Amino acid sequence: MAHMRRGTNLPEVGSYNRAVVLEAIQASDGISRVQIAARTRLTAQTVSVIVRRLLEDGLVVEDGSVPSRGGKPRTILRVDPGAGYAVGVHFDPEEISCVLADLAGRPVARLHLPVRPGLEPESVVRQMARAARRILREAGVADGKVLGVGLACPGPLDRDGVMVCPPRLPEWDRVPVRALLHEHTRFPVTVDNDATAAAIGERWAGIARTTRSFAYLYLGTGIGGGMFLDDQVYRGRSENAGEFGHITVEPDGPECYCGNRGCVEAVCCPSAIEAAFGGAVPYAAICAAAASGEPEARQVIERVAGRLADAAVSVVNMLDIDLLVLGGPALREAGEIYREVIARAVSSRPLARRLHAVRVETSPIAADAAAIGAASLVFHRTYAPRLGD
């Protein structure tokens with residue numbers, strides 16, 4: 001049975017318990033009150049009270065019933081996808097991706113807009129706000145149904161949603177991106193770095209819904225990561241944990257902008273792969289050629305996947321996780337090559353490999369991972385169980 005988070009039968013953590021129950025319903029494809037009690041270790045009475053409130057609030061609906069042994073049929077509960085929506089915005093240096101997601105995390109509408117080079121940061125934020133407004137208008141979703149806007153963007157970010165020296169966007173240093181987007185949309189805004197947002201998206205709507213501990217290896221313009229450890233997203237002391245792109249994999253390799261040599265990012269990011277081809281072939285074409293079996297392209301992608309695998313083995317040894325998810329817009333058609341090479345390394349090299357196998361999966365929402373993740377940030381912030389707060 002998939003592990004679910006356990007509740008606690010103390011009165012002062014009512015909102016935590018409510019979130020635990022909602023999460024159990026959201027992660028299942030239909031669940032009864034009896035199953036919720038078994039999974040969360042809450043009393044049947046506590047579950048009953050919480051479910052009644054969730055039904056009153058319209059977050060959960062009763063959806064048919066299943067026979068039970070001897071007793072009356074058990075009513076099945078599901079999250080009502082239309083009970084609330086979130087807009088997810090992913091700001092990549094070259095493109096703004098916008099997703100409108102329902103409460104089940106499913107994308108209802110998508111929008112992709114190129115970012116014009118040389119625009120002032122505030123003009124780009126205005127473009128994000130216009131995209132958010134447009135997607136709501138076209139989907140016919142009223143403002144009152146919108147729980148907020150989530151923004152996934154390159155880090156580092158401070159706790160107030162201010163970008164601090166983002167390496168690929170020097171002109172965005174000290175831009176208060178969260179406050180600006182709130183000003184231009186008038187919705188509550190939640191911000192996180194793109195890789196952590198993608199991990200949260202995977203937790204809310206992807207393949208990690210019932211996985212206690214997993215790491216997300218994010219391939220975009222740069223390479224990053226996100227982590228869930230024991231059911232909690234792990235952000236670290238300054239909220240910038242999971243920089244898997246800056247694990248050294250070639251000690252004598254090329255210099256990285258971070259000050260080290262031979263980082264994963266310096267060796268494996270799309271621009272480094274283009275450079276390996278003499279700079280004449282775009283990354284997308286290299287991935288397509290590798291996937292169709294063109295030997296030179298496949299060799300380059302396999303070599304890069306080998307360096308990613310070195311980092312993945314370090315991550316698995318360090319965190320002792322159940323699952324490693326590969327995602328992000330740069331996976332493209334070469335996703336299966338990356339997955340095979342990394343899965344082979346992760347099954348044969350980590351120290352604890354005989355104790356448990358670590359699954360390596362490509363994200364089913366890979367291309368829109370950060371945008372769906374950004375929408376999920378809103379749901380996660382609103383509904384996920386967090387005792388630390």
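Biologist: What makes H8 stand out in the lining of the largest pocket?

Modeller: In this predicted model, H8 gives three residues to that lining, the most of any element, where helices are DSSP runs of H or I with at least four residues and strands are runs of E with at least two, numbered from the N terminus. The prediction requires pLDDT of at least 70 for local features and 80 or more for side-chain atom pairs, while totals for chains, interfaces and linings use all residues. Residues are numbered from 1 along each chain as its sequence is written, and side-chain values use heavy atoms, without hydrogens and water.

Biologist: Why is the space of about 510 Å³ called a pocket?

Modeller: The space of about 510 Å³ is an open set of points on a 1 Å grid with protein on both sides within 12 Å along at least five of seven lines, and is therefore called a pocket. Its lining holds 19 residues, with Asp92, Glu94, Thr221, Pro329 and Arg332 nearest the centre. Strands S3 (85-92) and S4 (95-102), together with helices H8 (270-276) and H9 (283-291), each give two or more residues to this lining.

Biologist: How do you know which residues line the second largest pocket?

Modeller: A lining residue has an atom within 4 Å of a point. The second largest pocket, with about 400 Å³ of space, has 25 such residues, and Pro154, Gly155, Glu243, Tyr257 and Glu265 are the closest to its centre. H6 and strand S9 (223-229) are the elements that give two or more residues to this lining, and S9 has the largest share, three residues.

Conventions:
On a 1 Å grid over the protein atoms alone, a cavity is a set of points where a 1.4 Å probe fits but cannot get out, and a pocket is an open set with protein on both sides within 12 Å along at least five of seven lines; lining residues have an atom within 4 Å of a point. Grid points are joined across faces, edges and corners, and a volume is the space filled by probe spheres set on the points.
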